[in-house]
Structures are given as C-alpha cells and as structure tokens.
Amino acid sequence: MPDHQPDTPSGSHRHSLRQLAAPARLRESLAINRPPSVRNAAIAGVQVALAVVLVAGALHHSPWDYMAGFGGLGALAALFGRFAPIAQRRRIVLTAGGLLVMPVALLSLLAWTGLPPVAMLLALAAVSGLLASLAHRTQMGAPGAVIFIFAASAALGPFQDPLVLLERTLATALGVAAAWLLCLLTDQWRDLDVVPPAPPTAPGSTMAPAGTHTPPLTPGYAPMQALRVALCAALAALLAHAAGWSHPAWAAIGAVAVMQGAHLPGTVHRAWQRTLGTMAGACIAWAILSFSPSFWTLLLAVAVLQILTEMVIGFNYALGQIFVTPMALLMTTLASHGEAADMAISRIYDTTLGAAVGIALALALSSLAERMHLARHHGAGH
C-alpha cells in the first residue's frame with residue numbers, strides 16, 4: 001500500500017501496537033545471530049579492559065583516586081571501529097573519545113553552576129539528542145550513542161570546587177589516550193579481512209524476513225532522530241525522578257538504547273532484549289556488590305565483564321546486557337559508592353521504564369511508512 005495514503009487500519013497506531021505486543025516480537029528478540037568476528041569483538045573487549053585497568057588503577061594510586069571511574073569511561077572509546085582498517089580505526093577511536101570527553105565536560109560545567117536536579121536531567125536529555133545526531137553524522141556505528149550518553153550521565157553529580165570540572169575532563173581524556181595507545185599497539189592482531197556487518201537501510205533496524213521493505217535513510221533523519229531521542233530521554237528521566245527513584249538518568253539511558261533507530265520491529269526487539277538482559281545482569285551485580293568487594297576486585301570484575309560483553313553481544317543483545325549491566329553498575333560504584341541491592345533494583349526499574357517510554361514514543365512519533373513496514377514485517381513473520 002503506498003505510503004502517501006491516509007492512515008489505514010493496517011497502518012494505524014492501534015493496529016501497530018497489537019503487532020508490537022505480539023509473541024512473535026519476543027521470539028524474534030531471542031534469536032541467536034552469527035557475529036561477523038568473535039575474534040575482533042574479543043580483542044576490542046580486551047583493549048577496553050586493559051585501558052580501564054591501567055587508567056583506573058593509576059588514578060587509584062594518585063591524589064585523584066576519586067576520578068578512577070571517569071578514567072574508565074574514557075577507555076570505552078576502544079569499543080568503536082573494530083572492523084575498520086588500522087589507520088581509520090585510530091581516527092574513529094579519537095572521534096569516539098571526543099564524544100566521550102565533550103559531554104562529561106559540558107554536564108560537569110552545568111553541575112558546577114548548581115542547577116537543580118530536574119534542570120540537569122533536561123540538560124542530559126538535550127545532550128543525548130545532540131550525541132545521537134553526532135554519532136549518526138560521524139557514522140560511529142556500534143555500540144552507538146548510548147555509550148556517550150552513559151558517560152554524560154556520570155557527570156550529573158553536583159560539586160562546588162571548579163577543579164573537579166578539570167579533573168573529570170582530564171581523567172576521561174586520559175582513558176581515551178590509553179584506549180587509543182592500546183589500539184595502536186594491538187590492532188594488528190585483529191582480523192582485518194573480516195567483512196563488517198552491512199549498515200542498515202534505516203538506522204537501528206534489524207534483519208527483516210525476506211521480501212519486507214525497510215524505510216530508506218533520508219538527509220533529515222539525524223535532526224529528527226535527535227529530537228526523538230531528546231524527548232524520549234527527558235520523559236523517561238522525569239518520570240523516574242517524579243517516582244522518587246535514585247538514578248533517573250538510567251531511565252534516560254534505557255530509553256535511548258531502545259530509540260537508537262526509528263525501525264519499529266527493531267525498537268521492540270531492543271526493548272525486550274535490554275529488559276530481560278538487565279534483569280539477569282542486575283542479579284549478578286547484586287551478588288558481586290553484596291560482598292563489599294575491594295577496589296581491585298571491582299576493577300578486575302569490570303575487566304572480565306567487559307570482555308565477556310563484547311564476546312557475546314554479537315550473538316544477541318540480551319546476552320550482552322547480562323554482562324554489561326553488572327559492568328555498568330560496578331563502574332558506577334568505582335565513581336560513587338552505593339548500596340548493592342538498591343543499585344541493582346533501581347537498574348531494573350529504570351531500564352523497564354526507559355524501554356516502555358521508548359516503545360511508546362517510537363510508536364506515537366512513527367510515520368505511516370514505518371507502521372506499514374511493521375505490518376509487512378509482521379505478515380512475513382507468519
């Protein structure tokens with residue numbers, strides 16, 4: 001049916017909601033895929049893990065031990081460009097590093113001015129939209145803008161000493177430098193002949209059954225998606241804040257992870273995968289944190305979880321969430337201590353809320369073309 005026709009029953013929001021809630025979407029989200037290269041994924045995980053250990057460990061034994069978590073955030077730059085040629089990879093890691101350092105510096109500056117929590121959450125939402133647009137324009141690829149937004153969320157904590165702004169920024173930049181250097185030294189061990197996954201014809205889309213049509217990219221996609229991401233992050237964070245939850249920024253991250261593309265089947269797949277994986281991963285985090293581990297135990301656990309995340313996430317995003325959830329919680333603990341059970345339970349609540357908000361807004365803001373694509377995808381799956 002042509003996309004220019006009026007909203008028909010098969011392309012209506014109500015009809016699309018039933019298709020998104022169909023059991024087939026859950027079954028699709030649990031499918032196991034074959035990643036392009038487990039070797040490259042494992043090497044990227046080791047590169048990040050080593051950078052985290054080196055930088056966070058060095059900061060722990062310095063007068064700036066409270067900045068170890070920010071150093072670990074900068075090390076995440078090595079996650080990007082794992083299939084790129086060596087020279088191009090260096091540029092990608094540096095670009096990713098800039099997209100990690102920039103939001104940390106910007107939100108730290110706003111935190112220093114003493115903005116109230118709601119204003120900081122709105123600032124995080126605006127920055128999330130900007131980061132989503134920049135990640136698309138620079139073609140950063142997986143794991144996407146959610147990594148940069150995770151780094152931004154760590155900078156929301158208020159402080160009064162202006163030196164903290166400089167310390168946060170430099171610690172994050174130090175992590176980026178370590179990641180870049182380790183990539184420089186070890187990138188030749190990657191499989192440089194592997195064919196990277198084909199870019200989706202619509203950002204955030206997943207493989208659809210043969211014969212289905214995927215809406216094409218348009219030049220206006222990035223600014224429109226930036227507005228969607230900002231709105232989604234703001235709504236999720238403000239709802240979590242209104243509910244009195246202790247980590248409302250996590251709800252924004254969960255919403256953005258679901259909203260990384262406008263493709264409706266991919267959106268609900270990501271929501272299922274993130275929610276189920278987070279539930280399992282939060283249990284692992286609670287088990288680790290309940291023993292009140294030392295700094296070095298936490299750091300070793302972060303390193304191991306990072307490697308495991310990269311090795312399994314290519315098979316299914318939910319499998320990756322089982323390990324990335326405790327890793328994120330342990331990195332949060334490195335930066336600011338929290339009670340284990342509270343953090344794990346909050347992560348589940350915030351992720352579930354973020355996924356629900358992401359699906360709701362993706363459907364509410366969807367075009368007829370997107371809903372018709374969902375209808376064709378649903379029909380082909382049966």
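Is serine 292 buried or exposed? Select serine 292 and you'll find that it is exposed, at a relative accessible area of 64%. (Exposed means over 50% relative accessible area, buried under 20%, and partly exposed in between, with a 1.4 Å probe and protein chains only.) Before moving on, know that this is a predicted model, in which local features need pLDDT of at least 70 and side-chain atom pairs count only at pLDDT 80 or more, while totals for chains, interfaces and linings use all residues. Numbering runs from 1 along each chain as its sequence is written, and side-chain values use heavy atoms, with hydrogens and water left out.

**Zoom out**

Show the whole protein chain: there are 15 helices and zero strands. (Both are DSSP runs numbered from the N terminus: helices are H or I with at least four residues, strands E with at least two.) The chain has 382 residues, and 53% of them count as buried. Take the contacts with a separation of 6 or more: 82% of them come from residues 24 or more positions apart. (Contact means heavy atoms within 4.5 Å.)

**Two loops**

Back to serine 292, in the loop between H11 and helix H12 (295–312). Its phi is positive, about 50°, although serine 292 is not a glycine.

Next, select glutamine 139, in the loop between H6 and H7. Glutamine 139 also isn't a glycine, yet has a positive phi of about 55°. With a relative accessible area of 56%, glutamine 139 is exposed. Proline 143 sits in the loop between H6 and H7 as well, and a cis peptide bond, with omega about 5°, joins alanine 142 to proline 143.

Select leucine 107 in helix H5 (residues 86–112). Leucine 107 has 0% relative accessibility, so it counts as buried. Leaving out residues up to four places away in sequence, leucine 107 touches Met120, Ala123, Leu124, Val127, Ala152, Ala155 and Leu156. Draw a distance from leucine 107 to leucine 124: they are 17 residues apart along the chain, and their C-alpha atoms are separated by 7.4 Å.

Now go to leucine 54 in helix H3 (residues 38–60). Leucine 54 is exposed, with a relative accessible area of 53%. Leucine 54 and alanine 178 are 124 residues apart in sequence but 7.8 Å apart in space, C-alpha to C-alpha.

Then pick glutamine 273 in helix H11 (residues 264–289). At 11% relative accessibility, glutamine 273 counts as buried. Among the residues that glutamine 273 touches, not counting those up to four places away in sequence, are Ser29, Asn316 and Tyr317.

**A helix pair**

Show H7 and H10, whose axes lie 10 Å apart and which pack at an angle of about 170°. (Axes are lines fitted to C-alpha atoms, for helices over the stretch in contact, and angles run from 0 to 180 degrees between N-to-C directions.) H7 and H10 are therefore roughly antiparallel to each other. (Angles over 145 degrees count as roughly antiparallel, under 35 as roughly parallel, 65 to 115 as roughly perpendicular and the rest as oblique.) Highlight Val146, Ile149, Phe150 and Ser153 of H7, then Ala249, Ile253, Val256 and Ala257 of H10, to see the contact. Those residues divide into seven nonpolar, one polar and no charged. (Ala, Val, Leu, Ile, Met, Phe, Trp, Tyr, Cys and Pro count as nonpolar, Asp, Glu, Lys and Arg as charged, and the others, Gly among them, as polar.)
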